[in-house]
Amino acid sequence: MELELRHLQAVCRIAEAGSLAGAARLLGVSQPALSAQLRRIERVAGGELFTRTPRGVLPTPLGEFVLSKAHRVLGEMEALSAGARATTATGPLRLGSIVLVMLGALVQELDELLPDRQTTVDSEDSVTALTRLLGSGHYDAILYGEVNDHRTPLPAGVTARTLVSGEPFWIALSARHRLAERDRVELGELAGEQWMAMTSQDDGGPEALHTACAGAGFAPSLRYRIGDTALNRRLIAAGRAVAVFQPTAPATAGVVLRPLAGDPIRGRLTLAWQRRAVPAELAGRLYRAAARAYAAGLANNPRYGTWWQAHPEVHPERA
């Protein structure tokens, strides 16, 4: 076996995540598969690259050496890919995004605002993966969300513009829930509920949920972590769980959305692009398409539409 770029990427993700479980989520593989791959890499490298500790994994001296070389090689490959991409502006504009309510409308807006440029749209579960794929030239632009004060480092050569600076997460409840008729729900009133965990683990969402619940005097009981949106909503409608949703989520039979008192969990949506691949004029059109796509979702929730109109400070930039 010879070391390949994917092996170097795996070693870097393990070091960054500090655990095999966290790295496996970022790489989209199972933890046993990543463990087996690490053992094969260590056999080629000639020794252990990480030591296991109660707090996770730490690089060994050999691991530090391999990581330094891996970062250099991967950085050169990212520069090569991005540079090659920049010389061919006739190909499709490649957009990556986390799963957002606005994605469906965004596809339509892109077709209308960019009629002269084919656009591909892919979704990812990880913000970290999105930013790395942007840096490597796999994507020309990305749309991603972060929660509360969380900030994701961006690669070199990237420009970012905030799309929505403070979207409040609302609570999704069964229409038969005891709090379903409230205009606003106090988080502490949900202390005894079973919760749907937030699917992304690297956007600050899980930490924000735990912090908000701790401030309300309880720790959330996270019973489900399921990426299937339709199944999530069926479980909520059946009264088996509650969850925080984007307030622009489309209506679902048996499910109601209510604001949380004090808006303790707020999201920030950002558009970022590689300057070498996306000229300023094209970036502006892409930003306008994303802004219009988000605005289209306001019709899903008239209550949130009223809140939105009263808070222009969180709106997309007009310049």
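**Entry 1, ground rules.** I am reading a predicted model, in which local features need pLDDT of at least 70 and side-chain atom pairs count only at pLDDT 80 or more, while totals for chains, interfaces and linings use all residues. Residues are numbered from 1 along each chain as its sequence is written, and side-chain values use heavy atoms, with hydrogens and water left out.

Helices here are DSSP runs of H or I with at least four residues, and strands are runs of E with at least two, numbered from the N terminus. I then listed buried residues of H9, including Leu282, Arg285, Tyr287 and Tyr294, where buried means under 20% relative accessible area, exposed over 50%, and partly exposed in between (1.4 Å probe, protein chains only). Among the elements that cover them are strand E3 (93–98), helix H5 (103–113) and helix H10 (302–310), contact being heavy atoms within 4.5 Å.

Which parts does the pair Glu109 and Arg292 tie together? The two side chains meet at 3.1 Å, N to O, and because Glu109 lies in helix H5 and Arg292 in helix H9, the pair ties together parts that are 183 residues apart in sequence. Glu109 is buried at 11% relative accessible area, whereas Arg292 is partly exposed at 43%. Asp116 and Arg285 also meet in a salt bridge, at 3.3 Å, N to O; this pair links the loop between H5 and strand E4 (119–124) to H9, 169 residues apart. Asp116 counts as exposed at 59%, and Arg285 is buried at 16%.

In H2, residues 20–27, I found Leu20, Gly22, Ala23 and Ala24 buried. Ser19 caps the N-terminal end of H2, with a side-chain oxygen 3.0 Å from the backbone nitrogen of Gly22, and H2 is followed by Gly28, whose phi is positive, near 75°.

How values were computed. Polar contact = N/O pair within 3.5 Å; in protein donor to acceptor, adjacent residues only side chain to side chain. Salt bridge = Lys/Arg side-chain N within 4 Å of Asp/Glu carboxyl O.
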